[in-house]
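Here's a quick walk through a two-chain model, written for someone who would rather look at the picture than read a table. Have the viewer open as you go.

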Amino acid sequence: MAEPLLKVKNLRQHFKISRDFTVKAVNGVSFEIYPGETYGLVGESGSGKTTIGRSIIRLYDPTGGRIFFNGKRISGKLDSQTDKMLRQNMQMIFQDPMSSLNPRKKIGDIIGEGLDIHKLYSTQVERNELIGEMLKKVGLSPAHAERYPQQFSGGQRQRVGIARALIMNPKLIIADECISALDVSIQAQVVNLMKDIQHETKCAYLFIAHDLSMVKYISDRIGVLHKGWLVETGSTHEIFSNPVHPYTQSLLSAVPQPNPRVEKNRRLIPYDSANADYEHCTLQLVDGSHFVLAPTN
Amino acid sequence: MGKNILSIENLDITFRTNAGNVHAIRGVNFDLPRGKTVALVGESGSGKSVTMKAVTGLLDQNAVINSGKILYDGTDLLTLSKKDLRQSINGQQIAMVFQDPMTSLDPTMTIGDQIMEGMFLHKKISASDARQKAVELLKLVGIAEAERRMKNYPHQLSGGMRQRVVIAVALSCEPKILICDEPTTALDVTVQARILNLIKDIQAEMNLSVIYITHDLGVVAKVADFVNVMYAGKVIEFGTVDEIFYDPRHPYTWGLLSAMPDLETDDDRLYSIPGSPPNLLHEPKGDAFAPRNKFALKIDELEAPPMFKISETHSAATWLLHPDAPKVELPAELKARLLRSRKAAHYG
């Protein structure tokens, strides 16, 4: 197998709230993302999925563990060269296209900001051409560059968010709940667009979401998070056909299915998280690429 | 007593805005049979929330009701004054559960006070009786240590527990109809499943009629008996939940169903509805869905289709159902999907 593009080893992210209270959002999570694949991170709210995304792109400083990206270590102190490499090759798409775009900036300037910062063009004409092409790629028109975010619908704004990430030609895009604020019919358009772009540019996605049917549809591999621990990881097929961890089983049993007769007879598998003790567990191989968090013995 | 506890007939609502008149509801018909659950589905802006706001008299100031009737047990709610509506219907007969339990609860009041508030307002009840009833309601919605929780404030509870409290508030005056506006969108799937089961159990126990407003077809499949699909201010298809999920007839319903992948979907692309919903600031000519519909016929541009009856319970507004219309082939992905779900459900 190829070298992983992103390697997260034992990542911990704690937030100190007061002198004697620390929120342990992420506790020793390890996973890898290979070039061109989509890795889905799922879990309930508070499981740490968003925190992991933000720690990787260094919006937070990880408390512990190591992160390697593109062959370079990107945890700890960054030298200016690595920082530049990270900023160019890793991009993020945010959840809420209303609040993640600056309302006072034109669409063209929002998309072009990365180009401006990294001076990736020689003339103004070239810059505008790049922006225009990018707008076309995400299904908008070059004329839209002169407009402001509030002149667009939610789906169109999320396309702008995607264009902004793509213009740097990144190797990895972190998509944090990027479709959950959109209507169902628009979600499908955006997901199709993301898939097309992946075919074309071979970029990898870290797809963070709570909608399991969408995650299953888009991901090659999946990691299931619970209370800051990665409780199970494997290929999409392995996770959905043979969920091993009781939390994964419970989560999958709760995914609503658009099939009334099946849905009305389904039973929820309960999971009591109160006596879950993950401290003394390690990820253990099930088979293939399928790992589950289980007590060490 | 009629079969339907609530009937909306030909409701038509316009909003006056600075930009012009927005024709948000363009003739909605809708029935809620006694003791049943009806879902209203559609994209944002399709008019599902506005319709329910008209029922509860919560429409904004700039709304004008052009025509229509809202019959609750035979009384037209639109003829009642705001005061009468508030005193005798809202909260007492028709109660609502809102989407976000963080904003629909008062952060400065204990949850006990919030549950009892409605009882004091609508009923002659002593403080100790109200207290006792509030504790019972908290137990009913599955909150442990109800006595102690009465003194808690909303921020001391988790999202799922808050939504349980909102349900307890809604049930405090023993309503006949419960309107749930996206009640679980803000919650995790496991919590969502539990809340939906809870509403179902309470419905059976209290003989409630329930309306769900949602765009999540998974939720609809789980809870609904009947489904109304709305688009651009109209109901464009209605039927029993089986008819809508296993035998949909309107191209918009096809689009909605295929846009949400089921766990079996492994096609390369999701079938998506192109474009976006129309801006109702400009009255659409003909069928409002025509510009996004690859099955649109010539007549769709000229005249809006009437409701065509498919069975006693199932109707859809699309010219494709006209006897003279050409026969269309369902998109392959959807066809496979419908076959799959019928098979899994042993339907037909």
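## Before you start

This is a predicted model: local features need pLDDT of at least 70, side-chain atom pairs count only at pLDDT 80 or more, and totals for chains, interfaces and linings use all residues. Residues are numbered from 1 along each chain as its sequence is written, with chains lettered from A and ligands numbered from 1 in the order in which they are written.

Buried here means 20 or more other C-beta atoms within 10 Å of a residue's own; 12 or fewer is exposed, in between is partly exposed, and C-beta atoms are placed from the backbone. Helices (H or I, at least four residues) and strands (E, at least two) are DSSP runs, numbered from the N terminus.

Zoom in on A:Leu172 and you'll find that it touches residues including A:Leu5, A:Ile33, A:Met90 and A:Leu206, leaving aside those up to four places away in sequence. Touching, or contact, means C-beta atoms, placed from the backbone, within 7 Å.

## Where the chains meet

Chain A puts 35 residues in contact with 36 of chain B. On the chain A side, H6(A) gives the most, with nine residues.

## A sheet in chain B

Chain B has an open sheet of eight strands with mixed pairing, in the order S6-S7-S8-S3-S9-S10-S12-S11. Its edge strands, S6 (94–97) and S11 (308–309), each pair on one side only; pairing takes at least two DSSP bridges. Further in, S3 (residues 37–41) and S9 (residues 226–231) of chain B run parallel over four bridges, and B:Val41 has B:Val229 as its bridge partner in S9(B).

## Domains of chain B

Chain B splits into domain 1 (36–57 + 81–228) and domain 2 (243–345), with bounds from an automatic or database domain assignment. Their C-alpha centres lie 32 Å apart, and each domain gives six residues to the contact.

## A loop residue in chain A

A:Lys77 sits in the loop between strand S5 (72–73) and helix H2 (80–89) of chain A. Why does A:Lys77 count as exposed? Because it has 8 C-beta neighbours inside 10 Å.

Key
Contact = placed C-beta atoms within 7 Å.
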